[in-house]
Amino acid sequence: MEKHFFQCPYCWEEVSILLDPSVKNNVFIEDCEVCCNPLEFSVQFENEQLINFTVNQFQ
């Protein structure tokens, strides 16, 4: 597992999430640990290196 820091698009706090580099492409929804609003994550790994990470407000 790899810890990744990002800024929540709702509360603007810096938070972290654990990512699994063995999963090449992943889209999932998880609540912000600070404000509890739903976030949609899109994550891509290549050769277990993070190449794309996006987080958006879940609508």
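Predicted model: local features only at pLDDT ≥ 70, side-chain atom pairs only at ≥ 80, totals over all residues.
The structure holds four aromatic pairs. One of them is formed by F6 and F53, whose rings are tilted, with 5.8 Å from centre to centre and 45 degrees between the planes. This pair links distant parts of the chain, because F6 belongs to strand β1 and F53 to strand β5, which covers residues 49-57, and the two residues are 47 residues apart.

F41 lies in strand β4, which spans residues 38-46, while F53 lies in strand β5, so the pair ties together parts of the chain that are twelve residues apart in sequence. With a relative accessibility of 2%, F41 counts as buried.

Taken as a group, F6, F28, F41 and F53 are linked into a cluster by ring pairs.

## The sheet of β3, β4 and β5

Strands β4 and β5, which carry F41 and F53, belong to an open sheet of three strands that has the order β3-β4-β5 and antiparallel pairing. The edge strands of this sheet are β3, at residues 25-31, and β5, and each of them pairs on one side only. On average, and with direction ignored, neighbouring strands of the sheet are turned by 20 degrees against each other.

Between β4 and β5, which run antiparallel, there are eight bridges. At E46, the bridge partner in β5 is Q49.

C11 is found in the loop between β1, at residues 2-7, and β2, at residues 14-19. Its relative accessible area is 23%, and C11 is therefore partly exposed, a class that lies between the limits of 20% and 50%.

When residues up to four places away in sequence are not counted, C11 touches C32, V34 and C35. For V34, which lies 23 residues from C11 along the chain, the C-alpha atoms of the two residues are separated by 7.8 Å.

Notes: Residues numbered from 1 in each chain as written. Heavy atoms only, no water. Helix = DSSP H or I, 4+ residues; strand = E, 2+ residues; numbered from the N terminus. Buried < 20%, exposed > 50% of the residue type's maximum accessible area, 1.4 Å probe, protein only. Contact = heavy atoms within 4.5 Å. Phe/Tyr/Trp six-rings, centres within 6.5 Å; stacked < 30°, edge-to-face > 60°. Pairing = 2+ DSSP bridges. Axes fitted to C-alpha atoms, helices over the stretch in contact; angles between N-to-C directions.
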